[in-house]
Amino acid sequence: MVSIIVPVYQVQAYLTRCVESVMAQTVSDWELILVDDGSTDRSGEMCDAFCKKDSRISVIHQPNGGLSAARNSGLKRAKGEWIAFLDSDDCLHPQMLERLFGAALGERCEIAACRYLPFSDRLPAVEGSGKTTVYSAEDAMRYLIRNTIFQQVVWNKLYHRRVLEKLAFPEGKCHEDEFFTWQAFLNAERIAALDFTGYFYFQRPDSIMGAPFSEKRLDALEAMTLRSEQLKIRLPAVYADSCAALVENCLYQYQCFLRDANSDPDGSCRRAIVGYGKSCDVRAALSAVDGKQKLWYRLFLCFPHLTARLRNRLRIGL
């Protein structure tokens, strides 16, 4: 059985579309766990109504604790051998669970991931050849770090519950997925990538990622720092890649804060960013990039403000 965990908060306009996409799945052996995270609109009532419609749907009502707290509650309730995450304003292709489960089972993988696309009105056309490619833990982690074949988001993937044992989303943090996904990958041996668009995420104007830059964005740097520390011990072959990704993200975030003068008026965020950059293993980071990128990294770590200004003026990295 697949347990699908959906955090629900103030989404009365989108929840029906989300739940109906689960009910339309071509596999029937699933449970849907709706976690009403203290909604003050009709979302909680809607969750209760869905429970009455289908015995496979259950609801948890709890005080507002944020996305991580809601997902953690769902994980504690989940009974399935496989786990999937779905955000309450998004929806699934009818064959998503069938395709991912088939790829994971057929290729003996603990995690299977599909492609995803954004939408704001109508759902986009499905893309992909349907081909499944299997990666070792090392290769999959390298692609996850680079955010290429695998991405940090948790919701386009199917996880065997074994790889999620003892894992929890960090409560009180933004960029929850960047704290969580690499840990699941680190617990897996084989990971499948399916060339099939199975997940559609709704682009809301009030989303965190659509908001102006703020200190909450720095949580991503904390997540990357923790990742590098663990990879140095458990998967050293990709340690340098993780360090390079951290420096790259520091440079990107510094540029973004510099472009928006109101987001960091006292410069505290930029100072924190430089601290994250200098605290990582710079030698390892430099070993993972080419000559031009080496130069940018060195310049940034020595002259962060001037380097970010120059890159912004040249429109590099944004």
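Helix axes here are lines fitted to C-alpha atoms over the stretch in contact, and angles run from 0 to 180 degrees between N-to-C directions. Helices (H or I, at least four residues) and strands (E, at least two) are DSSP runs, numbered from the N terminus. This is a predicted model, in which local features need pLDDT of at least 70, side-chain atom pairs count only at pLDDT 80 or more, and totals for chains, interfaces and linings use all residues. Residues are numbered from 1 along each chain as its sequence is written, and side-chain values use heavy atoms, with hydrogens and water left out.

The table gives their geometry.

| Pair | Angle | Axis separation |
|---|---|---|
| α5 (residues 137–146) and α8 (residues 239–259) | about 5° | 9 Å |
| α8 and α9 (residues 268–279) | about 170° | 9 Å |
| α8 and α12 (residues 304–314) | roughly 75° | within 9 Å |

Angles under 35 degrees count as roughly parallel, over 145 as roughly antiparallel, 65 to 115 as roughly perpendicular and the rest as oblique. So α5 and α8 are roughly parallel to each other. On the α5 side, Arg142, Ile145 and Arg146 make the contact; on the α8 side, Asp241, Ser242 and Ala245 do. Contact means heavy atoms within 4.5 Å. These residues split into two nonpolar, one polar and three charged. For this count, Ala, Val, Leu, Ile, Met, Phe, Trp, Tyr, Cys and Pro are nonpolar, Asp, Glu, Lys and Arg are charged, and the others, Gly among them, are polar.

Next comes α9. It is roughly antiparallel to α8. The crossing of α8 and α9 is left-handed, meaning that the near helix is turned anticlockwise from the far one by less than a right angle. From α8, the residues Leu246, Val247, Cys250, Gln253, Tyr254, Phe257 and Leu258 take part. They meet Cys269, Arg270, Ile273, Val274, Tyr276 and Gly277 of α9. This contact has 10 nonpolar residues, two polar and one charged.

With α12, the axes of α8 cross at roughly 75°. That makes the two helices, α8 and α12, roughly perpendicular. Glu248, Leu251, Tyr254, Gln255, Leu258 and Arg259 of α8 face Pro304, His305, Thr307, Ala308, Arg309, Arg311 and Asn312 of α12. Here the residues are five nonpolar, four polar and four charged.

Strand β4 covers residues 82–85. Trp82 and Ala84 point one way, Ile83 and Phe85 the other, and all are buried. Buried means under 20% relative accessible area, exposed over 50%, and partly exposed in between (1.4 Å probe, protein chains only).

Strands pair if DSSP finds at least two bridges between them. Strand β1 (residues 2–8) and β4 pair in the parallel sense over four bridges. There, Ile5 stands opposite Phe85 of β4. Strand β8 (residues 157–160) runs antiparallel to β4, with three bridges. His160 of β8 is the bridge partner of Trp82.

**Two valines**

Val8 lies in β1. Its relative accessibility is 0%, so Val8 counts as buried. Beyond four places in sequence, Val8 has contacts that include Leu15, Leu34, Cys47 and Ser88.

Val134 lies in strand β7 (residues 132–136). Val134 is partly exposed, with a relative accessible area of 27%. Setting aside residues up to four places away in sequence, Val134 touches Glu107, Cys109, Arg190, Ile191 and Ala192. Val134 and Ala104 are 30 residues apart in sequence, and 9.3 Å apart in space, C-alpha to C-alpha.
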